[in-house]
Amino acid sequence: MSVPEALREGVRGAWRPALVRSVLLRHDRVRGVDLLVLPERVVVLRGAAGGIVALCDGERDVADIVAELARRHPDAPVAEEVPPFLARLRAEGWLR
């Protein structure tokens with residue numbers, strides 16, 4: 001599934017993103033970064049990415065995640081940036 005296709009599905013539908021079972025979100029206290037721990041590699045999440053992924057609990061849909069982030073960061077362009085970010089993670093196979 002391409003990123004634009006995944007984005008359309010995620011925003012239009014009732015997609016409630018959650019990490020797939022083989023992916024874990026961890027915080028590396030030594031480096032001060034959030035990580036996605038995958039079976040064969042580790043992905044370093046920069047900036048607010050870890051906070052966004054932490055909201056992907058399978059309970060909230062994309063609109064709920066965007067609303068929560070907009071509440072926390074009123075001046076950030078979350079409505080424009082978060083759905084494509086989540087769609088990319090879904091396209092990578094890290095979110096279901």
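Visitor: Which residues touch the most other members of the largest nonpolar core?

Guide: Leu36, Val82 and Leu86 do, in a core of 24 residues. Bear in mind that this is a predicted model.

Visitor: What makes a set of residues a nonpolar core?

Guide: Two tests: the members are buried residues of the Ala, Val, Leu, Ile, Met, Phe, Trp, Tyr and Cys kinds, and they are joined through side-chain atoms within 4.5 Å. The set of 24 residues goes by that name because it passes both. In soluble globular proteins, nonpolar side chains tend to be buried together.

Visitor: Which elements each supply at least two residues of this core?

Guide: S3, helix H2 (49-54), helix H3 (62-72) and helix H4 (78-92) do. H4 gives the most, with five residues.

Visitor: What is leucine 36 in contact with, leaving aside its neighbours within four places in sequence?

Guide: Quite a list: Leu19, Val23, Leu24, Leu25, Arg41, Val42, Val43, Leu45, Val53 and Trp94. They count as contacts because heavy atoms lie within 4.5 Å. Val43 is also the bridge partner of leucine 36 in S3.

Visitor: How do you know that S2 and S3 pair?

Guide: Pairing takes at least two bridges. Four bridges join strand S2 (residues 33-37) to S3, so the two strands pair, and they run antiparallel.

Visitor: Why are S1 and S3 said to stand at the edges?

Guide: The open sheet has three strands in the order S1-S2-S3, with antiparallel pairing. S1 and strand S3 (42-45) each have a single partner strand, so one side of each is left without a neighbour in the sheet. From one strand to the next, the twist averages 30°.

Visitor: Why is aspartate 28 called buried?

Guide: Buried means under 20% relative accessible area. Aspartate 28 comes in at 14%, so it counts as buried. Its place is in strand S1 (residues 24-28). Leaving aside neighbours within four places in sequence, aspartate 28 is in contact with Val33 and Leu35.

Visitor: What makes the pair between aspartate 28 and the backbone nitrogen of valine 30 a polar contact?

Guide: The cut-off is 3.5 Å between N or O atoms, with one able to donate a hydrogen and the other to accept it. A polar atom of the aspartate 28 side chain lies 2.9 Å from that backbone nitrogen, so the distance falls within the limit.

Visitor: How many helices and strands does the protein chain have?

Guide: Four helices and three strands, in the pattern α-β-β-β-α-α-α along the sequence. Of its 96 residues, 38% count as buried.

Conventions: Residues numbered from 1 in each chain as written. Predicted model: local features only at pLDDT ≥ 70, side-chain atom pairs only at ≥ 80, totals over all residues. Heavy atoms only, no water. Buried < 20%, exposed > 50% of the residue type's maximum accessible area, 1.4 Å probe, protein only. Axes fitted to C-alpha atoms, helices over the stretch in contact; angles between N-to-C directions.
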